[in-house]
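Please walk me through this structure. I would like to know how its parts are laid out and where they touch.

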Amino acid sequence: MTSGEKLAILADSAKYDASCASSGTQRGGSGRLGNCSQSGVCHSWSSDGRCISLLKLLLTNRCIYDCAYCANRRSNAIPRAGLEVAEVVDLTVSFYRRNYIEGLFLSSGVERSPDDTMEQLLQVARELRLRHGFGGYIHLKAIPGADPALVRRAGTYADRLSVNIELPSQESLTRLAPQKSKERILGPMGVISEGIAEYEAERGRSRQAPSFAPAGQSTQMVVGASPESDLQILHLSAALYRRYALKRVYYSAYVPVNDDSRLPALRTPPLAREHRLYQADWLMRFYGFQAGELLSPETPWLDPQLDPKCAWALRNPAFFPVEVNTAPYERLLRVPGIGTRAARRLCDARRFAALRPEDLAGVGVVTRRAQFFLTVNGRYLAAGAVTPQRLRHCLISGGSARALWWQPDLFDWRADGQGIAEVAACH
Amino acid sequence: MSLTVYRYDGSFEGLLSAFAAALLEQAAAPEFCPPEGDRAGLLFGAREVPTRQGAATELLCHLQTAGGEAAPRTLAMAYLAELPDHELAMYEYCQLTLDRHECIDGWAAHPAVARVGDDARRVSRELHRFKGLLRFMETTDGVYYAPYEPDHNITVPLARYFAERLGGQPWIIHDRRRGLAVLWDGHSLQPGKVPTPAASGMASEPALSAGEETVQSQWRTYHRQIAIASRANPRLQRQCMPRRYWRYLVEMQG
């Protein structure tokens, strides 16, 4: 098999890993090959619209495990291949020199044992760093069940380490990935977060402290292959961010790759749900929302029609209206149609002069949504009567307000519509 | 009120020299035009301002003292946008920064600041984009060659970025729209003008190394295989990576 053919198989096998981040490390060029920039760089986009920043490969797709949701499980009849350490190193370097990639994201099936696989991943990273002086980004998978000492060594070469939590609960894990357990996954996660904490403490004392996964740790879970609600998933993510100081939790809409009675029969991956989960995740990390504010045991699913911030706003009319010229940043962040960048620019701009309604669009406020929640110098922004129907129509992402105008009955308006009438009343 | 038109040589230093002259003379309603833009000049008789490196540097220093490091950087980035009629907003930006003695980049509601900020953001967006989208090819003499056609004049800052990144390998970045190139020989950056292929009658592409085609085809394979068919979304792909960039993208050929 040529290395081109192996590449085809092993890229195909690696494609379900969602992470493509290349951000979080700032490393100057050593004069040899490569550096990292804090913000990360996208190099291309594949035909599914996902960004390509790293060469994402499995070292091998041969695997002793038989996880129900995984395309590479042992019982699947698919072409199998393995790359030599030197082949991965060569590919990475020649792609990097041509500026195709920001670095390498290397994972692997477990061909013999977790330790053996971890050892090989480690070897690739060591070769790149030590022999080629490679300063680009390296993301390594920590293999569940691998010796903590190996995981610690991986952290000295890698920018980022990740262990996939795979499924959102122990029960689902037992059912769909019987050879993996919560302990085998959380074990390495703990080792990594300790390593990172130690590194950060040492770096405070000395800038020469040997680095340990400076871009942090991330994880991924499959969404839609098991019955957990969005609320359960968000609580799990919140706990992971808190307990293990993760940089990112990735959600991967379950792609039906296997015929298995334990799996739901989906025709297409639940992409809309994945999207809503990412939005909610963003709200928790950058907008100061708690999982419990976005969902509750009574409503444990994210609204497919409304983004989670709009849904929160409709449930919390007492929070509004927000005055653009005086509200603190944290309050502006909660307004639908105002993102982190617009909120920052609003705060910057109003230091110079009070903002007028016509200034809002220029700093990136989506007035179509924000108008119902803002006052500008005490004046309510939205013109005309604000009915619950109109509000919901205007907030539905991507929907044309005009087209929906004529069919208000299509949308059910629940009891929480009451409060919105009060928002309208302050007009 | 007298209207003064300052004509500069088209360069950033030239424009700064003209600004310095206008500031010194406290011109009431100055206009600035590059050599080719002579509309106002015909009417009012433009004044040629010689480009003086000293005056340009001095103005940048004043801006930095007044508005911090961001002010001269924003101004320089806005200039690289090369969008028509940007001089007056840039001049007002300088005046405001010097008058208020603070960084005014956040003043999004001020038309001149907004214009300068928009232009500067366009440039840094495109710069960031090409940090990812630029493609190098290995030539027979071991120099890596990267042709591209950016909207804005970003070649010099882009070259600085790649000098740090690919320090150990010699390369040429070639802006084929403007006929500009920067050569990195492993030690220093050398900007220069390159005749457009049509004008010089030369072969447009340099000869590629023996291994180049293999690596390109491996990259195309990778690019194809990494997509998940059941998530196909070519619209999103085009939105993130507009068609006008495809010409120089290895993975979008063949």
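How many residues of domain 1 of chain A are in contact with domain 2 of chain A? Six residues of domain 1 touch five residues of domain 2. Contact here means that the C-beta atoms of two residues, placed from the backbone, lie within 7 Å. By class, the domain 1 side has four nonpolar, one polar and one charged residues. Ala, Val, Leu, Ile, Met, Phe, Trp, Tyr, Cys and Pro count as nonpolar, Asp, Glu, Lys and Arg as charged, and the others, Gly among them, as polar.

This is a predicted model: local features need pLDDT of at least 70, side-chain atom pairs count only at pLDDT 80 or more, and totals for chains, interfaces and linings use all residues. Residues are numbered from 1 along each chain as its sequence is written, while chains are lettered from A and ligands numbered from 1 in the order in which they are written.

Domain 1 of chain A covers 3-287, and domain 2 covers 308-425. These bounds come from an automatic or database domain assignment. The domain centres, taken over C-alpha atoms, are separated by 38 Å.

Now take chain A as a whole. Its C-alpha trace spans about 70 × 55 × 35 Å along the principal axes. Buried residues make up 48% of its 427 residues. A residue is buried if 20 or more other C-beta atoms, placed from the backbone, lie within 10 Å of its own.

Finally, look across to chain B. Here 47 residues of chain A are in contact with 41 residues of chain B. On the chain A side, 21 are nonpolar, 15 polar and eleven charged.

Technical notes:
Buried ≥ 20, exposed ≤ 12 C-beta atoms within 10 Å, placed from the backbone.
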